Amino acid sequence: MSNLTSASEQSYQGEPAIVLTYAKQEAIVLPAIGANLIAYRDHEKGYRFLREPKENEMDAFRANPGVNGIPVLFPPNRYEDGTFTWNGKTYTFPINEVETHNHLHGFLHTIPWNVDVYEANEQSSSVLLSVSVDEHHEVYKYFPHQFTVKLKYTLSVDGLLQQIQIRNDGAEDMPVMLAFHTALNAPFAKDSSSEDMSFKATIGKRYQMTERMLPTGEFQPLSAWEEQFQTDRANPSGEEADNHYTAVPQRGRNFTEITDTRLGVTLVYDVGTAYKHWMIWNNIACGEFICPEPQTNLVNAPNVDLPDDEKGLYRLQQGEIWEESSRLYTIQK
């Protein structure tokens with residue numbers, strides 16, 4: 001550890017936290033609430049990149065930790081009537097979205113994770129968290145597989161690196177379906193407004209969705225606003241968005257960018273190409289934040305009649321590891 005970096009146990013609004021620092025950057029993880037990366041800040045510039053709960057919102061956040069920070073969704077998004085069959089096995093999840101009669105977002109974002117190690121050296125600070133599921137774990141009754149998920153965050157001169165690893169510890173094949181419900185402040189600078197913000201994303205086609213927010217398997221045309229995501233940049237609150245897209249990497253990179261045009265600063269959210277889909281949600285164009293959600297699989301993937309590779313439904317055999325990385329960092333333009 002140096003004067004430049006640190007990694008320590010602290011408290012975040014009454015919750016146990018691991019706090020990482022590098023120079024004026026700070027990242028905060030909440031192990032007991034789904035290993036949520038609840039804060040990423042630049043104290044020198046006054047930037048708060050992630051949507052954090054206010055002090056009077058902590059009880060609501062604990063009850064539903066899905067729209068602050070970076071929650072881990074496994075399996076992500078919606079599953080029709082809370083059930084699907086994969087590889088001859090039927091999975092049944094609780095209906096937790098009553099209005100659509102779907103299961104939403106899985107379990108890993110609400111349960112406690114282990115803190116394996118946190119450390120700092122001259123170049124960076126980091127924390128490694130994990131959760132292991134076996135027949136004794138509460139998740140097993142819904143997702144009956146033995147597996148381990150490891151999540152590492154590293155803070156350095158290159159911003160915030162996220163590394164996720166899933167290992168199949170059991171004898172049976174298991175499906176991998178993963179996303180991050182990343183809530184980015186727009187604006188992220190104290191004195192900027194939503195009108196100062198522009199947004200870009202490597203989206204491709206937009207899926208047609210039913211009234212239950214499930215894909216039909218067909219596509220629908222992009223609006224003029226959505227077309228700006230791909231080339232120019234659109235205001236992140238220009239239209240209401242709760243939309244599902246294919247991901248189409250540009251120049252070998254799969255990413256979103258939020259730019260503060262007043263300051264000429266761009267926050268880059270560069271995710272791996274294994275995330276073949278995006279969900280983009282802006283909370284009824286609220287003008288405060290936007291959630292670009294990198295997602296491996298199509299919503300309701302096991303119930304959709306498409307090839308596994310096209311819908312991003314990955315299969316892990318015994319002992320195999322699936323992993324991917326993402327990074328948040330800024331560019332001055």
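The structure holds zero disulfides, a disulfide being a pair of cysteine sulfur atoms within 2.5 Å. This is a predicted model, in which local features need pLDDT of at least 70 and side-chain atom pairs count only at pLDDT 80 or more, while totals for chains, interfaces and linings use all residues. Residues are numbered from 1 along each chain as its sequence is written, and side-chain values use heavy atoms, with hydrogens and water left out.

**Cysteines**

- The sulfur of C286 has its closest cysteine sulfur in C291, 8.7 Å away, which is too far for a bond.
- C286 counts as partly exposed at 27% relative accessibility, whereas C291 is buried at 0%; buried means under 20% relative accessible area, exposed over 50% and partly exposed in between, with a 1.4 Å probe and protein chains only.

- Helices (H or I, at least four residues) and strands (E, at least two) are DSSP runs, numbered from the N terminus.
- In a regular strand the side chains alternate between the two faces of the sheet.
- Both faces of strand 24 are covered, with H277, M279 and W281 buried on one side and W278 and I280 buried on the other.
- Strand 21 (residues 242–247) runs antiparallel to strand 24 and is joined to it by five bridges; two strands pair if DSSP finds at least two bridges between them.
- Within this pairing, W281 of strand 24 stands opposite D242.
- Strand 25 (residues 289–295) also pairs with strand 24 in the antiparallel sense, over five bridges, and Q295 in strand 25 is the bridge partner of H277.

- Eight strands form an open sheet in the order 11-12-13-14-27-23-22-18, with antiparallel pairing.
- Strand 11 (114–120) and strand 18 (197–201) stand at the edges with a single partner strand each, so one side of each has no neighbour in the sheet.
- On average, neighbouring strands of this sheet are turned by 10° against each other, direction ignored; axes are lines fitted to C-alpha atoms, for helices over the stretch in contact, and angles run from 0 to 180 degrees between N-to-C directions.
- Seven bridges link strand 22 (residues 254–260) and strand 23 (residues 265–271) in the antiparallel sense, with N254 partnered by V271 in strand 23.

**Nonpolar cores**

- The largest nonpolar core has 74 residues, and those with the most contacts inside it are W113, I280 and W322. Such a core is a set of buried Ala, Val, Leu, Ile, Met, Phe, Trp, Tyr and Cys residues joined through side-chain atoms within 4.5 Å.
- Strand 13 (residues 147–156) supplies the largest share of this core, five residues.
- Another core, of ten residues, lies apart from it and includes Y12, L30, I33 and M58.

**T296**

- T296 is buried, with a relative accessible area of 0%, and lies in the loop between strand 25 and helix 3 (308–311).
- Not counting residues up to four places away in sequence, T296 touches residues including V176, H277, K311 and W322, contact meaning heavy atoms within 4.5 Å.

**Aromatic pairs**

- The structure holds 21 aromatic pairs. Rings of Phe, Tyr and Trp (its six-membered ring) pair if their centres lie within 6.5 Å; planes under 30 degrees apart count as stacked, over 60 as edge-to-face and the rest as tilted.
- F107 and Y142 form a stacked pair, 4.8 Å centre to centre with 10° between the planes.
- F107 lies in the loop between strand 10 (102–104) and strand 11, and Y142 in the loop between strand 12 (124–133) and strand 13, so the pair ties together parts 35 residues apart in sequence.
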